[in-house]
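Work through the exercises below with the model open beside the text.

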Amino acid sequence: MERQAEGLQSIWQKKFCEVWIVEIDQEAAREAVPYAKDYVIGDIMEYEWVHKFAEQCFDYIVFADVLEHLERPDEVLVQVKPFLKEEGKILISLPNIAYNGVLVSLYHNMFEYRETGILDRTHLHFWTLEEAVRMFRSLGYGAELVDAIYNPLQHSEFQLGYDSLPGVLADAVKSRAYGEIYQLLFVLGKDENAMTTQNILKHTDYLYLQIFLKGMIRMLMRRKKSRQSLEKNLPGSSGT
């Protein structure tokens, strides 16, 4: 809740944006309201905002970890469309139910709901990448940009790792396309036929390689600096 208020404060102060909010959580609303142009405190599916914001048309509409909590997210996306400017965008984040941690758990006949994370007990809907894009298109939206947040299985909330699977199956799960995407990110526009730009990796080996190489480069640079510093302080060196 504090992060939401801080985010709104940043948008309000640094981006010079006017923000309208709909928030069901009373405490979160109290934190966010000071940075909002107008607001509705209540369930988004009661559609009070449809009447209160009737004269508004927005550049951006944000559903950050929202749609999976709604009984009918498709209806909300239909209702919100008239409030979006012709060139406006809808920004959406969704958990990826096809995350490898979920599949590993299912292999062990486990599907354990939690307080937070992909299997948050308040989640009513789950999507894969393809199913999410299909839903958006069926509602008349085009997914102009698809991005992702990756989370290696060993860093997630799931306790069972690849080593809990038989060897061949472990290799198959590890090599699955999009298997370590934890969260899906979308930019939607009103043109359902718009070209989609995907900034996501089917496999994260290259991502890990990049991280490894960057780490190696930083380590080598530190060693080089340490060696140069040591040489300068040696007796007889030009630095003495």
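**Exercise 1.** Is F126 buried, partly exposed or exposed?

*Solution.* The structure is a predicted model, in which local features need pLDDT of at least 70 and side-chain atom pairs count only at pLDDT 80 or more, while totals for chains, interfaces and linings use all residues. Residues are numbered from 1 along each chain as its sequence is written, and side-chain values use heavy atoms, with hydrogens and water left out. The classes are set by relative accessible area, buried being under 20%, exposed over 50% and partly exposed in between (1.4 Å probe, protein chains only). F126 has a relative accessibility of 28%, and therefore counts as partly exposed. F111, with a relative accessible area of 36%, is partly exposed as well.

**Exercise 2.** Classify the ring pair formed by F111 and F126, and then that formed by F136 and F186.

*Solution.* Rings of Phe, Tyr and Trp (its six-membered ring) pair if their centres lie within 6.5 Å, and planes under 30 degrees apart count as stacked, over 60 as edge-to-face and the rest as tilted. For F111 and F126 the centres are 6.2 Å apart and the planes stand at 85 degrees, so the pair is edge-to-face. Both residues lie in the loop between α5 (100-107) and α6, so this pair ties together parts that are 15 residues apart in sequence. For F136 and F186 the centres are 5.0 Å apart and the planes are at 75 degrees, so this pair is also edge-to-face. Because F136 belongs to helix α6 and F186 to strand β6, the pair ties together parts that are 50 residues apart in sequence. F136 and F186 are both buried.

**Exercise 3.** Which residues touch the most other members of the largest nonpolar core?

*Solution.* A nonpolar core is a set of buried Ala, Val, Leu, Ile, Met, Phe, Trp, Tyr and Cys residues joined through side-chain atoms within 4.5 Å. The largest core has 38 residues, and those touching the most other members are W49, F63, L77, I90, I92, F136 and F186. Its largest share, five residues, comes from α6. Leaving aside neighbours within four places in sequence, F186 is in contact (heavy atoms within 4.5 Å) with residues including I90, L129, F136 and L145. A second, separate core of 13 residues includes Y99, F158, A170 and Y182.

Conventions: Helices (H or I, at least four residues) and strands (E, at least two) are DSSP runs, numbered from the N terminus.
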